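Here's a quick tour of a protein model, written for someone just starting out. Have a look at the structure first, then we'll walk through it piece by piece.

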Amino acid sequence: MSSDSTKGPTEWGEGRHGVGPWEQRYPGQPLPADPRYDAELLAEGDRRNVVDAYRYWSREAIVADIDTRRHPLHIAIENFENDANIGTVVRTANAFAVDTVHIVGRRRWNRRGAMVTDRYQHLMHHPDVHSLLVWALRNDLTVVSIDNTPGAVPLETVELPRECLLLFGQEGPGISPEAAEGSLMTCSIAQFGSTRSINAGVAAGIAMHTWVRQHADLGRSW
Ligand SMILES: C[S@@+](CC[C@H](N)C(=O)[O-])C[C@H]1O[C@@H](n2cnc3c(N)ncnc32)[C@H](O)[C@@H]1O
């Protein structure tokens, strides 16, 4: 945890990456006039956890740039018991340029695992599963639940819809019956060991990458 008490969880990952002030990095070169660059970052350096292509860019400019190429993939996670995995889900969703991460149930979630990526990721809250399903219907998204419940189809064998909302359950109860009923299908991730299930954040990463392998243009990855 940061020793700086003025900083919150979304700043804890800062400081270990990045570049110093523009003047030190490019001695003698004029400051870029491009409005995407942030004056404070140019002057003080950019220690944020962002890819090099975005060095010195303002947060707004980075979000706007990702917005031009976000995938038609949405992620939802049920949060009725304050699930600790949501930060991990948000971070992975950001890495894969997911359109929006939907939090269903409680509004509060532990941001630490997000490692600041929540600032660059569209997030939406829904009070219950019904609201999420209505929103998905209105936005022409096919809902696919991910859980290893009886009757689930192996994720390894399905072609996921391109305009897709992947819905995850939480530690303990797993996916709610309402979520499963409102989905086109439920997909399971094949397991071979003794544990009943894998961590929800890990499951979300596997499922998102399954969508990426099937639908993303790999020529546009970093
Ligand atoms: C830890 S699991 C709990 C529920 C699990 N069904 C059980 O019987 O214990 C929490 C969430 O992680 C995801 N998950 C974990 N393991 C999975 C697997 N093998 N296949 C698909 N989803 C999985 C699902 O979204 C699930 O709702």
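## Starting from one residue

Let's begin with Leu166: apart from neighbours within four places in sequence, Leu166 is in contact with Ile75, Val144, Ile146, Ala207 and Met208. Here, "contact" means that the C-beta atoms of two residues, placed from the backbone, lie within 7 Å.

Some ground rules: this is a predicted model, where local features need pLDDT of at least 70, side-chain atom pairs count only at pLDDT 80 or more, and totals for chains, interfaces and linings use all residues. Residues are numbered from 1 along each chain as its sequence is written.

## The core

Leu166 also turns up in the largest nonpolar core, which has 40 residues; Ile75, Leu166, Leu167 and Phe168 touch the most other members. Such a core is a set of buried Ala, Val, Leu, Ile, Met, Phe, Trp, Tyr and Cys residues joined through C-beta atoms within 7 Å. Elements giving two or more residues to this core include β1 (71-79), β6 (164-168) and α7 (200-215). The largest share, 6 residues, comes from α7.

What counts as buried? A residue with 20 or more other C-beta atoms within 10 Å of its own is buried, one with 12 or fewer is exposed, and anything in between is partly exposed, with C-beta atoms placed from the backbone. Buried residues make up 33% of the 222 residues in the protein.

## Helices and the sheet

The protein has 7 helices and 7 strands. These are DSSP runs numbered from the N terminus: helices are H or I with at least four residues, strands are E with at least two.

The 7 strands form an open sheet with parallel pairing, in the order β3-β2-β1-β6-β4-β7-β5. β3 (122-126) and β5 (153-154) are at the edges with a single partner strand each, so one side of each has no neighbour in the sheet. Strands pair if DSSP finds at least two bridges between them, and β4 and β6 pair over 5 bridges.

## Two domains

An automatic or database domain assignment gives the bounds: domain 1 covers 25-68 and domain 2 covers 69-220. Their C-alpha centres lie 31 Å apart. Domain 1 puts 8 residues into the contact, and domain 2 puts in 7.
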